[in-house]
Amino acid sequence: MEAALQLRDQAGGEVILLTMGPDSYTTSLRDGMAMGADRAVLVSSREFGGADTLATGYTLAKAIEAIGNVDLILFGSQSVDADTGQVGPIVAEFLKLPQVTFAETLELSSETTIVAKR
């Protein structure tokens with residue numbers, strides 16, 4: 001979240017929070033909005049209950065496609081219920097986007113280039 005806000009402050013654009021889970025996840029989205037995010041999206045349905053990382057990645061990829069016009073997607077390395085580090089790469093594969101995993105820092109080096117330190 002902090003990296004996304006810093007990049008937005010340097011390059012412009014907006015930070016959109018996206019999560020998949022029960023309605024109670026709105027609390028986390030509200031926290032992110034209070035930190036400075038521009039928008040928040042919750043993808044929620046009982047049908048998603050028990051989704052594995054592949055199903056979660058597919059659902060989030062479809063949500064990102066619906067949001068549209070996305071330049072950069074950032075994921076954390078873990079979620080509240082698992083520590084697999086798989087969802088971000090799965091989303092990248094579904095969206096046919098390049099990916100960098102386990103980046104420790106991100107730095108804007110030009111209008112179209114970000115340098116990631118692993």
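Colleague: Let's start with helix α1: which of its residues are buried?

Modeller: Helices here are DSSP runs of H or I of at least four residues, and strands are E runs of at least two, numbered from the N terminus. Buried means under 20% relative accessible area, exposed over 50%, and partly exposed in between (1.4 Å probe, protein chains only). In α1 (residues 2-11), the buried residues are Ala4, Leu5, Leu7 and Arg8. Keep in mind that this is a predicted model, where local features need pLDDT of at least 70, side-chain atom pairs count only at pLDDT 80 or more, and totals for chains, interfaces and linings use all residues. Residues are numbered from 1 along each chain as its sequence is written, and side-chain values use heavy atoms, leaving out hydrogens and water.

Colleague: What covers the buried residues of α1?

Modeller: Contact means heavy atoms within 4.5 Å. The cover includes α2 (26-35), β3 and β4 (113-117). After α1 comes Gly12, with a positive phi near 90 degrees.

Colleague: How do I read a nonpolar core, and which residues make up the largest one?

Modeller: A nonpolar core is a set of buried Ala, Val, Leu, Ile, Met, Phe, Trp, Tyr and Cys residues joined through side-chain atoms within 4.5 Å. The largest has 9 residues: Met20, Val43, Leu60, Ala61, Ala63, Ile64, Val87, Val91 and Leu95. Two or more of its residues come from each of α3 (53-67) and α4, and α3 gives the most, with 4 residues. A second, separate core has 6 residues, among them Leu5, Leu17, Leu29 and Ala37.

Colleague: What does Val91 touch?

Modeller: Leaving aside neighbours within four places in sequence, Val91 is in contact with Gly57, Leu60, Ala61, Ile64 and Phe75.

Colleague: And Thr59, is that residue buried or exposed?

Modeller: Thr59, in helix α3, is buried, because its relative accessible area is 14%. Not counting residues up to four places away in sequence, Thr59 touches Met20, Val43 and Phe48.

Colleague: Where is Thr105 found?

Modeller: Thr105 is in strand β3 (residues 105-110) and counts as partly exposed, because its relative accessibility is 43%.
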